[in-house]
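Please open the model in a viewer and follow the stops below in order. Each stop names a selection and then describes what is found there.

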There are 2 protein chains.
Amino acid sequence: MTAVEKLEKHVKELSNINYTKSVLFWDGETGAPKSGVNERGEALGYLNSLYKRKMSDEEFISLFSRLSEDKTIDLVPKRMAEELDDEYKKIKNIPEEEYVDYIKLINNAHMVWEEAKDKEDFDAFAPTLKEIIAYQKKFIDYRESELSPYNVLLDDYEPGMTMDKLDEFFSALKETIVPLLKEIIDSDVVVDDMFLKRDIPIEKQKKIVNNLVEMINFDLGKGMIKGSAHPFTLGLSPLDVRFTNRYQEDSLDFALFAGAHEGGHAIYEQNIDQNLIGTNLADGASMGMHESQSRFYENLICKDIHFVRYYYKKLKEKYLDELKDIDVYTFYKGINKVTPGLIRIYADELTYSLHVMIRYEIEKEIFENDLAVGMIPKLWEEKMQSYLGVVPSNDAEGPLQDVHWSGGMFGYFPSYALGSAYASQIMHFMRKELPVNELLETGDIKQVGAWLREKIHKYGKVKKPSELINDISGEGFNPIYYANYLKDKYSAIYEI
Amino acid sequence: MTAVEKLEKHVKELSNINYTKSVLFWDGETGAPKSGVNERGEALGYLNSLYKRKMSDEEFISLFSRLSEDKTIDLVPKRMAEELDDEYKKIKNIPEEEYVDYIKLINNAHMVWEEAKDKEDFDAFAPTLKEIIAYQKKFIDYRESELSPYNVLLDDYEPGMTMDKLDEFFSALKETIVPLLKEIIDSDVVVDDMFLKRDIPIEKQKKIVNNLVEMINFDLGKGMIKGSAHPFTLGLSPLDVRFTNRYQEDSLDFALFAGAHEGGHAIYEQNIDQNLIGTNLADGASMGMHESQSRFYENLICKDIHFVRYYYKKLKEKYLDELKDIDVYTFYKGINKVTPGLIRIYADELTYSLHVMIRYEIEKEIFENDLAVGMIPKLWEEKMQSYLGVVPSNDAEGPLQDVHWSGGMFGYFPSYALGSAYASQIMHFMRKELPVNELLETGDIKQVGAWLREKIHKYGKVKKPSELINDISGEGFNPIYYANYLKDKYSAIYEI
């Protein structure tokens with residue numbers, strides 16, 4: 001066996017372990033009885049130990065370390081080795097015992113966070129959060145990186161991303177969105193969205209969502225959709241991509257656009273080159289790039305006036321008697337209504353990035369300037385007031401609303417906003433090659449999907465996000481396209 | 001660590017592997033897209049290799065071999081070791097390469113069988129079947145057992161079962177059922193069952209089945225029910241027991257009694273002592289004993305006149321407008337109608353065992369008298385004519401109808417009939433302790449379930465089937481109870 005064949009064999013094992021973990025996770029989130037949670041935990045623990053054993057195998061480690069530097073081998077195995085090497089470097093210096101303690105802490109933290117959120121009491125979560133941050137800081141130290149602490153974390157979720165770039169990005173957003181939002185609030189235009197809360201039977205909503213995601217070319221024959229408390233996408237392989245959605249009788253808009261969002265993630269996964277199956281590259285290029293595709297389909301396709309004109313008519317004819325008095329422009333404005341609110345996951349497209357920015361700024365303070373955990377709620381309130389003009393009445397509406405910190409996921413939030421910005425930059429350059437408006441107007445999404453597949457999806461993790469963006473646009477990440485897009489779209493809706 | 005603790009640790013690993021395989025299987029059978037079949041196969045192959053590696057671990061083998069003979073340890077670890085030792089002895093002398101070739105053959109055989117069945121052509125399956133039988137015979141030889149070849153196979157599925165016992169069992173059945181069946185066919189009593197084919201919406205059927213299995217105390221909070229092509233039960237642990245059912249608008253009776261049947265399997269699994277979780281004993285005592293519980297709930301409970309009187313009224317009031325002109329005795333007779341047919345899985349309670357007997361007699365000829373595979377269809381036809389009075393018009397209605405032989409499962413079929421016979425023997429002795437008719441008449445199934453739990457379910461595999469039957473009845477397996485039960489029940493229905 002050649003070195004590359006050996007690498008492939010080892011990676012195939014990791015891939016089988018990950019596949020299996022994913023199926024167990026899917027099973028647990030989509031209807032499995034609660035009483036079985038311990039046995040699932042045991043089995044997942046066992047699978048994690050298998051994964052860890054593999055990643056501690058000296059022969060395997062020396063193999064991928066060597067191949068990650070080898071300039072004579074093909075790109076795919078080289079990238080496979082590089083990814084493994086990156087993964088390994090993150091944990092190799094962490095003492096075993098410390099890592100085990102951290103995992104225990106994280107396992108417990110979820111429950112602590114949930115209880116604190118229920119009690120709306122940040123102080124009940126603060127000691128745990130403090131511990132998590134202390135571990136994260138130690139782990140960053142162990143990596144002996146040349147990067148600044150928070151840049152280390154940012155780079156984990158978005159290779160190449162730094163505070164410099166994000167500061168520039170967020171200040172461009174702040175300059176655009178904050179004054180625009182003030183004008184919108186002062187505007188005389190009244191956007192009605194009450195009709196989106198009309199009761200629509202759940203079985204009908206499911207059909208509508210299936211219909212919409214098929215229109216944007218999610219292949220239901222190579223995937224499935226189920227219900228769960230929090231929508232998510234799971235790509236077992238490009239040939240089996242699943243997502244979940246949440247349906248409530250009075251929330252068609254949630255189901256529709258969460259469906260389009262997860263549908264975007266799922267389309268990305270379905271279009272990854274099938275030759276990458278069984279490798280560690282059959283995944284999105286980065287969190288930000290993955291999010292760019294979900295936001296692309298959710299906002300730039302399914303909330304775009306041209307495509308709305310196409311699909312709203314069809315859905316109304318086929319299913320939506322309940323909205324027969326609502327014309328297409330009323331529908332379009334309703335689904336794009338701007339309402340500054342407290343909760344990130346319910347935010348509209350315009351204000352969403354401001355929520356992310358607040359988390360970014362606070363995380364930066366924590367890792368760069370040792371912000372005390374106890375200061376977070378006050379800082380949160382100030383920033384909400386300043387950017388969005390609303391303040392939480394309790395901690396559950398404030399810093400306790402998101403699960404991420406309880407899982408030690410610092411540096412993750414910016415990918416959400418980056419995703420939107422990547423999406424606008426991609427769309428700007430797609431428009432140079434495709435008559436996007438006409439395609440959307442006629443529902444001819446195939447060409448859009450084919451373009452994305454060729455430029456982004458098929459590569460999986462073979463190309464890094466910065467390469468993808470550069471190859472598409474001939475420049476690096478540039479927030480201007482997103483700022484312009486928001487300004488144009490919302491000025492029109494609110495007649496500013 | 002003590003030797004027993006070591007054993008438990010190893011077994012926990014096997015248990016985690018089996019849990020994980022089961023979840024993957026469940027996922028594959030309940031809605032996963034077909035296109036993902038290869039990756040699931042890869043992952044299952046990997047999990048099988050982990051299992052095999054564990055079962056080839058010299059230290060582990062010597063541990064369980066030793067403990068299986070150790071009279072000083074507790075019953076549970078001793079039984080754990082015995083089960084492992086039995087499992088190991090079955091394969092230890094098979095040359096690795098031969099076993100791998102056999103597994104390949106079996107993996108391929110399923111497709112060959114399916115195609116042959118589609119073409120209704122036994123000859124297309126015969127060469128593969130011949131190969132499977134040749135391997136099975138070789139494998140039996142490797143085991144150097146003192147038992148006769150077919151007894152070796154019987155013992156695998158039903159420890160302690162032999163041709164002597166089964167010959168006695170089946171001749172008692174033959175003597176009872178064959179003449180009874182002739183009388184039924186000649187009888188003037190006309191049983192109507194057309195009303196069972198009335199269209200009933202599938203969503204309603206699901207509610208009805210859920211209601212029925214809850215009445216017999218399947219705990220939906222510790223399990224779930226889904227749709228699949230072939231109903232089956234999967235116990236991940238006593239805390240997570242799932243089964244599937246098949247729903248068609250014009251087949252309420254299928255859904256109802258397949259539900260009761262799988263519900264019986266599932267109730268057994270739910271009532272296994274939770275202290276056995278994570279061991280290799282958290283399973284039914286044998287195939288026959290498992291089948292006894294499914295048949296018990298399907299036939300002796302849900303097709304019993306007393307319980308029918310209780311639940312039919314409730315189901316009719318709550319859901320079944322479609323049957324409002326059908327009184328309870330008409331319903332009872334309809335669900336118990338006897339119709340000799342060609343297909344085992346659609347057979348009524350009375351003729352079912354005759355189908356099993358045919359398979360038993362043919363398997364015996366194959367393994368004891370070297371029956372040529374090419375002779376099977378003719379023998380099949382003769383036996384069908386003689387026992388049931390009907391003959392298949394093609395091979396798909398004959399020896400190609402069952403999947404078992406393509407999977408190398410020889411010796412399995414008798415457990416189906418044994419299950420019914422165990423169920424009658426168990427019921428006979430339950431009636432000495434519980435006023436069963438009154439309990440069924442008032443829907444008070446809890447006491448029935450508690451009795452079964454205490455006498456059978458809770459033990460899992462700790463007690464062998466023969467011990468369970470002996471402890472319940474003070475005698476060994478005795479087919480007389482089943483023969484009497486059939487005679488009494490069907491003489492009454494057909495006024496013989």
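**A tour of the interface and the cavities**

The model on display is a predicted one.

**Stop 1: the chain B side**

Select the residues of chain B that touch chain A. Four elements of chain B each contribute at least two residues to this side, namely α1 (3–29), α2 (37–55), β1 (223–227) and β3 (240–245). Of these, α1(B) gives the most, with ten residues. Colouring the selection by class shows 14 nonpolar, eight polar and ten charged residues on the side of chain B that touches chain A.

**Stop 2: the extent of the contact**

Now show both chains together. On chain B, 32 residues are in contact, and they meet 32 residues of chain A. The two chains bury about 2700 Å² between them, with 58% of that area on carbon and sulfur atoms. Next, pick out B:Tyr19, B:Glu39 and B:Tyr46: these supply 21% of the area that chain B buries against chain A, more than any other three residues.

**Stop 3: a charged pair between the chains**

Side chains of opposite charge can pair when their charged atoms come close. Over all chains, the whole structure contains 66 salt bridges, and four salt bridges are found across the interface of chain B and chain A. Select A:Lys12 and B:Glu42, which form a salt bridge whose closest N and O atoms are 3.8 Å apart. This pair crosses between chains, running from helix α1 of chain A, where A:Lys12 lies, to helix α2 of chain B, which holds B:Glu42.

**Stop 4: the largest cavity**

How many cavities of 30 Å³ or more does the structure hold? There are four cavities of that volume or above, and the largest cavity contains about 80 Å³ of space. To locate the largest cavity, select A:Trp26, A:Asp27, A:Lys226, B:Asp27 and B:Lys226, which lie nearest its centre among the 13 residues of the lining. Both chains take part: α1 (3–29) and β1 (223–227) of chain A, together with α1 and β1 of chain B, are the elements that give two or more residues to this lining. By class, the lining of the largest cavity comprises seven nonpolar, two polar and four charged residues.

Key: Residues are numbered from 1 along each chain as its sequence is written. Chains are lettered from A and ligands numbered from 1 in the order in which they are written. This is a predicted model: local features need pLDDT of at least 70, side-chain atom pairs count only at pLDDT 80 or more; totals for chains, interfaces and linings use all residues. Side-chain values use heavy atoms; hydrogens and water are left out. Contact means heavy atoms within 4.5 Å. Buried area is the accessible area (1.4 Å probe) that two parts lose on being put together, summed over both. A salt bridge is a side-chain nitrogen of Lys or Arg within 4 Å of a carboxyl oxygen of Asp or Glu. Ala, Val, Leu, Ile, Met, Phe, Trp, Tyr, Cys and Pro count as nonpolar, Asp, Glu, Lys and Arg as charged, and the others, Gly among them, as polar. On a 1 Å grid over the protein atoms alone, a cavity is a set of points where a 1.4 Å probe fits but cannot get out, and a pocket is an open set with protein on both sides within 12 Å along at least five of seven lines; lining residues have an atom within 4 Å of a point. Grid points are joined across faces, edges and corners, and a volume is the space filled by probe spheres set on the points.
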